[in-house]
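Hello,

Here is the structure we spoke about. Please have it open while you read; my notes follow below it.

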Amino acid sequence: MCMDHSMNHGGCGCDGCSNGNKCHNLGPFLAVDAACIPQPQPRPNTGSIIAFSSGLPTLLTTAVNGLISAVSLVGFGSTVTGLALAGNNVDLTSLAFTEAFTVPRAGNVTSIAASFTVTTAIALPGLPGTTVVNARIYRAPAGSAVFSPTNVSVNLNPALLGVINVGTVVHNTSDSFPPLPVVAGDNLLMVFSISATGAAATLAATVIGTATAGITID
């Protein structure tokens with residue numbers, strides 16, 4: 001074995017032991033230039049990002065008990081607003097529209113981000129209680145137009161309270177849910193809604209604004 005002193009100058013191996021000035025027999029060990037050791041590389045991000053935007057303002061309402069009343073479906077620059085839930089589901093079976101997209105390959109939804117910007121002010125006395133904007137993915141299997149809620153969901157911060165000015169923005173991201181498996185042919189739908197607690201539970205609330213969101217499918 002020999003050690004090439006030229007390694008200190010960027011060489012990646014002994015270029016021969018014929019030059020006694022450069023190589024010395026040191027035994028069974030071979031010095032290796034650090035430049036020759038492969039360095040760990042960052043793991044490439046292979047996930048796909050799906051982006052959603054309402055385009056025009058959309059309307060969210062609660063019932064007098066503070067629970068969700070009408071939701072908005074947010075697509076790709078368009079929105080369907082003021083749609084009542086069918087139980088916990090969004091049923092588009094008899095409707096002539098959709099804001100859903102079809103999954104082209106199997107994967108897992110691993111994160112969600114959303115933002116909502118108020119476009120119509122809420123004047124005095126303002127929103128009673130505390131109103132929270134939520135974004136959630138609903139899913140329908142291939143061949144169905146009945147969408148069920150999934151655990152891919154995020155509540156936007158801060159909660160809305162009292163007088164709300166035009167331009168107020170609430171937003172948040174989440175990857176704290178278990179990854180949601182999806183298969184080719186599944187249909188996914190981005191649904192925005194509001195719910196209220198406190199004094200708002202005795203009075204229906206309405207919030208109008210533009211909505212944007214994104215999810216990652218790995």
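**Around Ser-115**

Leaving aside residues up to four places away in sequence, Ser-115 touches Leu-156, Val-169, Val-170, His-171, Phe-192, Thr-210, Ala-211 and Thr-212. Contact here means heavy atoms within 4.5 Å. Ser-115 sits in strand β9. Ser-115 counts as buried, at 19% relative accessibility. Buried means under 20% relative accessible area, exposed means over 50%, and partly exposed lies in between (1.4 Å probe, protein chains only).

**What you are looking at**

This is a predicted model, in which local features need pLDDT of at least 70 and side-chain atom pairs count only at pLDDT 80 or more, while totals for chains, interfaces and linings use all residues. Residues are numbered from 1 along each chain as its sequence is written, and side-chain values use heavy atoms, with hydrogens and water left out.

pLDDT is the predictor's confidence in each residue, from 0 to 100. The mean for the protein chain is 84. Of its residues, 77% reach 70 or more. Among the elements, strand β13 (residues 169-174) has the highest mean pLDDT, 98. Strand β1 (residues 3-4) has the lowest, 47. Over residues 1-10, pLDDT stays under 50. The model has 32 contacts beyond four places in sequence for that stretch. Where pLDDT is low, the predicted coordinates should not be read in detail.

**The chain overall**

The protein chain has zero helices and 16 strands. Both are DSSP runs, numbered from the N terminus: helices are H or I with at least four residues, strands are E with at least two. Of the 218 residues, 37% count as buried. Take the contacts between residues at least 6 apart in sequence: 72% of them join residues at least 24 apart. The accessible surface comes to about 11,300 Å², and 60% of that belongs to carbon and sulfur atoms. These areas come from the Shrake-Rupley method with a 1.4 Å probe; for residues, only the protein chains shown count as cover.

**Cores**

A nonpolar core is a set of buried Ala, Val, Leu, Ile, Met, Phe, Trp, Tyr and Cys residues joined through side-chain atoms within 4.5 Å. The largest one has 35 residues. Phe-52, Phe-116, Val-133, Leu-188, Met-190, Phe-192 and Ile-215 touch the most other members. Several strands each supply at least two residues of this core, including β3 (48-53), β9 (107-118), β10 (122-140) and β16 (206-217). A second, separate core has eleven residues, among them Val-80, Phe-147, Leu-189 and Val-191.

Val-133 deserves a look. Val-133 lies in strand β10. At 2% relative accessibility, Val-133 is buried. Beyond residues up to four places away in sequence, its contacts include Leu-60, Phe-116, Val-154, Leu-160 and Phe-192. Ser-193 is 60 residues away along the chain, yet the C-alpha atoms of Val-133 and Ser-193 are separated by 5.8 Å.

**Aromatic pairs**

The structure holds four aromatic pairs. Rings of Phe, Tyr and Trp (its six-membered ring) pair if their centres lie within 6.5 Å; planes under 30 degrees apart count as stacked, over 60 as edge-to-face, and the rest as tilted. Phe-52 and Phe-76 are stacked, at 5.4 Å centre to centre and 25° between the planes. Phe-52 lies in strand β3 and Phe-76 in the loop between β5 (68-74) and β6 (79-84), so this pair ties together parts 24 residues apart in sequence. Phe-52 is buried, at 3% relative accessible area. Phe-76 is partly exposed, at 47%.

Phe-52 also pairs with Phe-101, this time tilted: 6.1 Å centre to centre and 50° between the planes. Phe-101 is in strand β8 (residues 101-102), so this pair with Phe-52 of β3 ties together parts 49 residues apart in sequence.

**Strand pairing and turns**

Two strands pair if DSSP finds at least two bridges between them. β10 and β11 run antiparallel, joined by five bridges. Arg-136 stands opposite Ser-153 in β11. Five residues separate the two strands of this hairpin, and Gly-143 there takes a positive phi near 90°. Strand β7 (residues 90-91) also pairs with β11, antiparallel, over two bridges. Val-90 has Phe-147 as its bridge partner in β11.

Last, the peptide bond from Asn-157 to Pro-158 is cis, with omega near -5°. Pro-158 lies in the loop between β11 and β12. Most peptide bonds are trans.

Best wishes
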